[in-house]
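Subject: Structure handover

Hello,

Here is the structure I promised to pass on. Please open it next to this note and read the two together.

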Amino acid sequence: MVGSRRAGCYYAGRMLTYLRISNFAILDEVELTFGPGMTVLTGETGAGKSLVLDAVALLRGGRASADLIRTGADEARIEAVFAPPPGSAAEDGLRERMARLGLEPVALGDEGLVVRRVLGRGGRSRIHIAGQLSTAAVLGELCGGLIDISGQHEHQSLLEVSRHLRLLDRSGVPAERLEQMAQAFTRLQEASAALQAASLDERARAEREEFLRFQLAELENVDPQPGEDEILRKEQKRLRSVEKLLSAAQRAETCLYSGEASVLEQLGVVTRELHELAALDPEVAGFATQLSEAQALLEDVAHGVRRYTDTLGADPQRLQEIEDRLHQLGRLLRKHGPDLATLLRKREEMAQALLTLTRHEEAREAAQAAVTRARTAAAAVAGELSRARQQVATELAHKASAALADLAMKGARLLPQLEGRAAQKGDDPALTFTATDGTVRRLGRDGWDRCELLLAANPGEEPRPLHRIASGGELSRVMLALRRILGQADRVATCVFDEVDAGIGGAVADRVGSQIRALGRNKQVICITHLPQIAAYGDDHFRVEKHVVTGRTTTRVRHLTAAERREEIARMLGGAKITAKSRAHAEELLREATGA
């Protein structure tokens with residue numbers, strides 16, 4: 001196993017196992033193999049660490065630009081392999097997401113899911129997912145749920161307010177309450193649809209009733225019967241072939257019975273001779289008996305064929321009746337088809353719809369009562385769900401404040417703000433509810449709550465939406481704190497952190513590194529850092545280096561051995577000149593991080 005994997009620390013599996021970047025800006029050809037746990041990338045400022053992050057962002061559906069293609073190359077290529085642990089929730093989630101996006105299922109096996117994005121000159125881009133040609137939107141939907149990037153300039157899933165309610169629910173709201181809400185919402189939707197159908201205005205109802213009566217009269221005039229078309233087609237086929245059938249039957253009867261030198265006549269001669277020979281050899285008697293039986297059977301066949309020919313006769317009138325009937329049925333099938341069973345079912349549905357229309361007032365009153373009952377039940381479930389969310393939000397705020405304090409954000413507060421989802425023009429009235437304060441809120445499958453995470457980064461500050469946070473380091477630490485609290489709640493398997501060390505150092509950096517490592521126990525973490533205190537906690541370590549070869553700048557990413565890793569951390573501690581003191585300090589950091 002590569003890197004400095006610490007024996008006995010954990011094994012949580014991994015998602016992103018392989019990344020290859022070709023002709024991407026100053027990245028000529030880079031291949032990275034990732035393991036579980038925490039992987040760190042370090043290097044001088046400007047070496048190209050952010051380019052690795054940019055490449056990963058393109059796998060999440062980020063906008064592509066031909067400017068990213070290396071000078072002199074026709075295309076840039078980013079390839080990745082996602083391999084969730086077999087039988088894990090991550091694997092199940094990946095399969096569900098692929099099915100929802102219309103991607104053909106593939107056997108993930110040991111190789112995993114291969115994703116490829118190619119950027120071409122002229123803005124042309126090609127995307128392949130498991131060998132299937134796809135789009136950036138599908139790629140973003142699929143990989144956005146697999147890998148999350150926490151960086152100052154990246155699109156981040158936790159900044160999407162639409163995800164906040166789901167994160168809150170997964171952090172402690174009982175699943176049975178969410179299921180009860182979904183069921184209550186479905187019942188209310190169905191009741192509302194029934195009421196709308198029963199509340200057609202008088203003119204529309206009269207037009208609908210007239211149309212249904214016309215269609216039903218047409219069907220009842222023809223009065224199709226189950227299986228009738230198949231029976232008629234068989235009879236039609238027989239009548240159209242009557243001459244052929246008659247000719248064949250007559251030839252068979254003549255050959256067997258009535259013709260000169262018929263089969264039965266010749267068989268009779270042979271049978272008599274064998275009976276006479278039986279007196280000379282008893283063994284012949286068995287043959288004679290078998291021939292007698294065959295003769296009797298053939299006589300039955302001959303008489304049956306004769307009777308069959310008597311039933312055959314051209315009947316043009318009956319044939320015309322059948323074809324007229326089939327034409328009538330065919331005309332109805334073209335309107336209501338595709339088969340007779342569907343036609344008969346639609347006739348029943350039309351009759352029921354007509355009956356409902358003729359009893360519209362009774363139906364409308366019943367539908368209104370059903371909506372009232374469903375609204376009362378849904379409101380009760382939504383209220384219970386809101387109270388459960390308020391309790392979970394309080395607990396989450398407390399845990400988040402403690403986690404942020406450990407990340408050099410003492411006094412910072414993360415507050416889940418819950419409020420009613422505002423009703424909009426055009427909403428179904430059955431799904432809108434007026435609160436005690438007079439505001440109108442709209443019920444959804446997940447209740448009527450809207451959640452947004454607010455952050456007060458410093459004591460005395462007013463909480464603000466996450467998207468208004470300017471500091472990439474603050475945002476990364478907020479996301480780290482949430483990842484630690486929520487664990488596997490958001491089902492993102494791989495977290496990438498950039499600038500997590502902004503504005504911190506010393507003991508605080510050590511705590512940040514410790515928490516990232518702890519997150520790596522149940523998620524795969526990739527961390528770009530400038531701080532040796534954080535880098536020391538990595539399970540794998542890559543160095544990003546910039547070189548000039550034959551006048552061209554290129555960036556390479558090199559996996560470090562244990563000895564090289566000590567030298568890199570010493571460089572991060574002491575700068576370009578590595579001393580015995582910086583090496584000793586590096587070894588001390590590594591020992592403290594590994595617990596060795």
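Let me start with one residue. Q132 is found in strand β7, which covers residues 132–134. Helices and strands here are DSSP runs, numbered from the N terminus; a helix (H or I) needs at least four residues and a strand (E) at least two. Q132 counts as buried, at 16% relative accessibility. Buried means under 20% relative accessible area, exposed means over 50%, and partly exposed is in between (1.4 Å probe, protein chains only). Leaving aside neighbours within four places in sequence, Q132 is in contact with L103, E104, V106 and I127. Contact means heavy atoms within 4.5 Å.

Before the rest, the ground rules. This is a predicted model, where local features need pLDDT of at least 70 and side-chain atom pairs count only at pLDDT 80 or more, while totals for chains, interfaces and linings use all residues. Residues are numbered from 1 along each chain as its sequence is written, and side-chain values use heavy atoms, with hydrogens and water left out.

Overall build

The protein chain has 18 helices and 17 strands. Its radius of gyration is 40 Å, well over the 25 Å that the globule rule gives for 596 residues, so the chain is more spread out than a compact globule. That radius is taken over C-alpha atoms, and the rule is 2.2 Å times the number of residues to the power 0.38. Along the principal axes, the C-alpha atoms fill a box of roughly 125 × 80 × 55 Å.

Of the 596 residues, 44% count as buried. Take the contacts with a separation of 6 or more: residues 24 or more positions apart account for 73% of them. The chain exposes about 30800 Å², and carbon and sulfur atoms supply 51% of that area. Accessible areas come from the Shrake-Rupley method with a 1.4 Å probe; for residues, only the protein chains shown count as cover.

Charges and salt bridges

The chain carries 81 positive and 84 negative charges, and their mean positions are 10 Å apart. Lys and Arg count as positive, Asp and Glu as negative; His and the chain ends are not counted. Each charge is placed at NZ of Lys, CZ of Arg, CG of Asp or CD of Glu.

How many salt bridges are there? The count comes to 34. The rule asks for a side-chain nitrogen of Lys or Arg within 4 Å of a carboxyl oxygen of Asp or Glu.

- R347 and D223 meet through their side chains, at 3.4 Å from N to O. R347 lies in helix α12 (residues 340–358) and D223 in the loop between α6 (202–222) and α7 (228–240), so the pair ties together parts that are 124 residues apart in sequence. D223 is partly exposed, with a relative accessible area of 35%.
- E253 and R306 form a salt bridge at 3.1 Å, N to O. E253 sits in helix α8 (residues 242–258) and R306 in helix α10 (residues 284–311), so this pair links parts that are 53 residues apart in sequence. E253 counts as buried, at 10% relative accessibility. R306 counts as partly exposed, at 28%.
- R566 bridges to E587, with the closest N and O atoms 2.9 Å apart. R566 belongs to helix α17 (residues 562–574) and E587 to helix α18 (residues 580–594), so the pair joins parts that are 21 residues apart in sequence. Both ends are partly exposed: R566 at 26% and E587 at 33%.

There is also a network. Salt bridges that share partners join E44, R543, E545, R558, E564, E568 and R571.

Backbone points

Which phi does D223 have? Phi of D223 is near 50 degrees, a positive value in a residue other than glycine. A25 also has a positive phi, of about 55 degrees, although it is not a glycine. A25 lies in the loop between β1 (16–24) and β2 (27–33). A25 counts as partly exposed, at 22% relative accessibility.

Last, T289. T289 is placed in helix α10. At 41% relative accessibility, T289 counts as partly exposed.

Best wishes
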